[in-house]
Each structure stands twice: as C-alpha cells, then as structure tokens.
Amino acid sequence: MNTIEAIAARRSIRAFKDEELPEEAVTRILTAALQAPSGKNRQPWRLAVVQGAKRAEMVGVMRDAIEAFKSRGEDTGSAEWTANVMEQAPLTVFVLNAHGIDPWLDRSVDQIFQELVDVQSIGAAIQNMLLAATDLGIGSLWIADVLYAVTELKAWMQEEGQLVAAVSFGVPDESPDARPRKPFEEIVKRV
C-alpha cells in the first residue's frame with residue numbers, strides 16, 4: 001500500500017477482535033511515530049505502551065476519573081464509550097509531550113508558542129502511527145477522551161509532561177465506510 005492509499009483507507013476503528021498484535025507490528029507502528037518530523041527536531045513525544053494485563057488497570061483508572069468528573073456535574077461526552085473501546089483494544093499507546101505542562105497551568109507566551117509547535121509535531125507522530133497501522137492491516141482509534149483523566153492516567157503511568165492523546169490498536173472487528181468530507185472547494189482557497 002502506498003502512502004496515498006493508506007491515507008484514503010484509514011478509518012477510526014471502534015471494535016477490535018480479541019487477538020494480540022504481533023510484536024513486530026507493534027515495533028513498526030511505534031518506530032513510525034519516532035520518524036515523524038518535529039519542530040527544531042525536538043522530538044517532544046513520549047510513548048507509554050499499555051497491553052496485556054495492564055489494560056484492565058488502565059481502563060479502571062480511566063473509568064474512575066470519568067465518574068469523578070461526572071460527580072462534579074461535568075459532561076463527559078463520549079468518554080465512557082471510549083473507555084469501552086480501549087478495554088477491548090489489545091494495545092493502547094499514550095502520547096505525551098515531554099516538554100509540555102497540563103492545560104490548566106499558566107504559561108508564558110514563549111511557552112505557548114513552543115507547546116503549539118510540539119503538539120503539532122506530536123500530531124505528525126500520531127498520524128504516522130495511524131498510517132503504519134493501516135498499512136499493516138491493523139485498526140486504530142485516535143483518542144482525545146483521555147483528557148478527562150489526565151491527572152489520574154499520568155499518575156498511574158508514572159509519567160510527567162502533557163498528556164496529548166492516546167491511540168488504541170487492534171485487529172479490526174468492523175469495516176466502516178469513509179466519513180463524509182467537506183467539499184474541496186469549501187476548504188481550499190488559492191491565494
């Protein structure tokens with residue numbers, strides 16, 4: 001599969017088969033993240049890989065944090081449903097910005113600019129993982145709902161920095177159609 005084909009074929013998968021992923025495939029996906037471009041070559045990403053028996057602990061931490069959020073009267077959107085997807089995925093990779101800080105903390109203008117560059121770099125690393133997984137026939141789901149459990153998940157993983165997202169991977173147990181896209185003419189403006 002070439003890159004353009006992988007981009008067109010990639011789907012967000014929310015149902016996974018109960019099958020472990022080959023270690024070689026996992027290594028290729030993680031290596032793809034490390035090959036992403038990054039501003040000033042800072043390579044700000046840190047990857048925390050969760051699989052096997054640790055999955056149940058991870059999902060428990062996530063669910064407890066969601067419940068605490070809800071107990072304060074806060075809306076958690078699709079976070080509970082996402083925790084269910086994470087529970088069935090054999091592999092979840094948490095992506096952290098080693099140089100970043102939690103979103104609610106104060107920053108200088110310089111820190112804001114650097115963090116924007118780092119998060120863009122991390123987005124490229126995540127996209128590389130998604131495309132590598134697609135090429136290998138592995139399903140993936142880019143997850144932002146972990147932000148409802150930032151403090152709890154970082155403490156559980158014993159990680160510092162800024163939790164940006166997670167990506168769950170597994171053998172797909174669904175084959176969704178492409179989601180609708182806005183027309184090219186509506187999005188692209190030639191200046």
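Student: Is Tyr148 buried, partly exposed or exposed?

Tutor: Happy to start there, and bear in mind that this is a predicted model. Buried would need under 20% relative accessible area and exposed over 50%. Tyr148 has 24% relative accessibility, so this residue counts as partly exposed.

Student: What kind of aromatic pair do the rings of Phe69 and Tyr148 make?

Tutor: A search of the whole structure finds one aromatic pair. The ring centres of Phe69 and Tyr148 are 5.0 Å apart, with the planes at 85°. Planes over 60 degrees apart count as edge-to-face. The pair of Phe69 and Tyr148 is therefore edge-to-face.

Student: How many residues apart are Phe69 and Tyr148 in the chain?

Tutor: Phe69 belongs to helix H3 (residues 54-71), while Tyr148 is in the loop between strand E3 (139-143) and helix H6 (150-157). Their pair links distant parts of the chain, 79 residues apart.

Student: Which residue forms a salt bridge with Arg63?

Tutor: Side chains of opposite charge can pair when their charged atoms come close. For Arg63, the closest N and O atoms are 2.9 Å apart, and the cut-off is 4 Å. This bridge links helix H3 to helix H4 (residues 79-88). The partner of Arg63 is Glu87.

Student: Where do Lys70 and Glu67 lie?

Tutor: Lys70 and Glu67 form a salt bridge, with their closest N and O atoms 3.6 Å apart. They are three residues apart, about one turn of the helix. Both lie in helix H3.

Student: Is Glu115 buried or exposed?

Tutor: The side chain of Glu115 meets that of Arg107 in a salt bridge (3.0 Å, N to O). The cut-off for buried is under 20% relative accessible area. Glu115 has 14% relative accessibility, so Glu115 counts as buried.

Student: Which helix holds Phe113 of the nonpolar surface patch?

Tutor: Val109, Ile112, Phe113 and Leu116 form that patch, with about 390 Å² of accessible area together. At 53% relative accessibility, Phe113 counts as exposed. The place of Phe113 is in helix H5 (residues 109-135).

Student: Where does Asp173 of the negative patch lie?

Tutor: Asp173 gathers with Asp18, Glu19 and Glu174 in a patch of negative charge on the surface. Asp173 has a relative accessible area of 47%, so this residue is partly exposed. Its place is the loop between strand E4 (162-170) and helix H7 (184-187).

Key: Residues are numbered from 1 along each chain as its sequence is written. This is a predicted model: local features need pLDDT of at least 70, side-chain atom pairs count only at pLDDT 80 or more; totals for chains, interfaces and linings use all residues. Side-chain values use heavy atoms; hydrogens and water are left out. Patches are made of residues with over 30% relative accessible area and no salt bridge: like charges are joined within 9 Å, nonpolar side chains (Val, Leu, Ile, Met, Phe, Trp, Tyr) within 5 Å. Accessible areas come from the Shrake-Rupley method with a 1.4 Å probe; for residues, only the protein chains shown count as cover. Lys and Arg count as positive and Asp and Glu as negative; His and the chain ends are not counted. The place of a charge is taken as NZ of Lys, CZ of Arg, CG of Asp or CD of Glu. Helices (H or I, at least four residues) and strands (E, at least two) are DSSP runs, numbered from the N terminus. Buried means under 20% relative accessible area, exposed over 50%, partly exposed in between (1.4 Å probe, protein chains only). Rings of Phe, Tyr and Trp (its six-membered ring) pair if their centres lie within 6.5 Å; planes under 30 degrees apart count as stacked, over 60 as edge-to-face and the rest as tilted.
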